[in-house]
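Subject: Structure handover

Hello,

Here is the structure for you to look at. My notes on it come after the file.

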Amino acid sequence: MKLLIATRNRHKLSELRQLFDFPGLLLVAADEVSGLPEDVVEDAETFAGNALKKAWELCRASGLWTMADDSGLEVLALGNAPGVYSARYAGEHCSYADNNAKLLRELTGVTDRRARFRCVIALCAPDGREWTEAGDCRGVILDAERGSQGFGYDPLFVPEGFDRTFAELDAETKNSISHRGNAMRRAAARWGGLLAEAALRQA
Ligand code: IMP
């Protein structure tokens, strides 16, 4: 049975292939299936809403079981902003550097620097069933960028229990504690049985 992954990111796909290595299940990326919408507008008010929206649009277009994720940063002192607006915090078509600069401006003089990354993964079945699982990673926001690895807010975020930013950690260490890693591992543990069963039924 094919499981469509709503991503064009090869790195995410290879991580998911390792985690979702269940009998009879073949993970395919969005660019390996023809006739899918190029982009899904992420305009829901929650991570779960966006993940489900993406998964449903591609599930309906393909007729395949589909998995999608949405993630972002929540900063406690900013009322959980930027949240679902993380990618476009400094405006449409802004860069990661623009977002980081805006975050530092908003936090000028703020001593409570607590934040968390959140990720929600959604799974949709062509028969109308849906599931979600979440993962998070708590930490603090620095007052200047540090490190050059990763992407997005990584240079400003120090995870709990570490003294280095996500951008100073290697990819394997980040993945072992990250919101996305936690959500993916939880989803694989919770959904393995039902995916293997669906694959068996389709075989
Ligand atoms: P998406 O879920 O991949 O669309 O991510 C939404 C936005 O959240 C990204 O553009 C980043 O700004 C931010 N984000 C999500 N995950 C991470 C992460 O692991 N590190 C840094 N920024 C992240």
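This is a predicted model: local features need pLDDT of at least 70, side-chain atom pairs count only at pLDDT 80 or more; totals for chains, interfaces and linings use all residues.

Ligand site

The ligand sits in the largest pocket. There are 15 residues around the ligand, and those that come nearest are Ser71, Asp154, Lys174, His179 and Arg180. By class, the shell divides into five nonpolar, five polar and five charged residues.

Which elements each supply at least two residues of the shell? They are strand 3 (65-75) and helix 5 (179-202). Strand 3 gives the largest share, with three residues.

- Asp154: a polar atom of the side chain lies 2.5 Å from a ligand nitrogen.
- Arg180: an N or O atom in the side chain is 2.9 Å from a ligand nitrogen.
- Tyr153: here a backbone N or O atom is involved, 3.2 Å from a nitrogen atom of the ligand.

On its own, the ligand has 480 Å² of accessible area, of which the protein covers 89%.

Aromatic pairs

The structure holds six aromatic pairs. One of them is formed by Tyr96 and Phe151, which are 6.0 Å apart centre to centre; with 55 degrees between the planes, the pair is tilted. Tyr96 belongs to helix 3 (residues 96-106), while Phe151 is in the loop between strand 6 (130-141) and strand 7 (157-159), so this pair ties together parts that lie 55 residues apart in sequence.

Regards

How values were computed
Residues are numbered from 1 along each chain as its sequence is written. Side-chain values use heavy atoms; hydrogens and water are left out. A residue is near a molecule or strand if one of its heavy atoms lies within 4 Å of it. A polar contact is a pair of N or O atoms within 3.5 Å; within protein, one must be able to donate a hydrogen and the other to accept it, and residues adjacent in sequence count only if both atoms are side-chain atoms. Accessible areas come from the Shrake-Rupley method with a 1.4 Å probe; for residues, only the protein chains shown count as cover. On a 1 Å grid over the protein atoms alone, a cavity is a set of points where a 1.4 Å probe fits but cannot get out, and a pocket is an open set with protein on both sides within 12 Å along at least five of seven lines; lining residues have an atom within 4 Å of a point. A molecule sits in a cavity or pocket if more than half of its atoms lie within 2 Å of its grid points. Helices (H or I, at least four residues) and strands (E, at least two) are DSSP runs, numbered from the N terminus. Ala, Val, Leu, Ile, Met, Phe, Trp, Tyr, Cys and Pro count as nonpolar, Asp, Glu, Lys and Arg as charged, and the others, Gly among them, as polar. Rings of Phe, Tyr and Trp (its six-membered ring) pair if their centres lie within 6.5 Å; planes under 30 degrees apart count as stacked, over 60 as edge-to-face and the rest as tilted.
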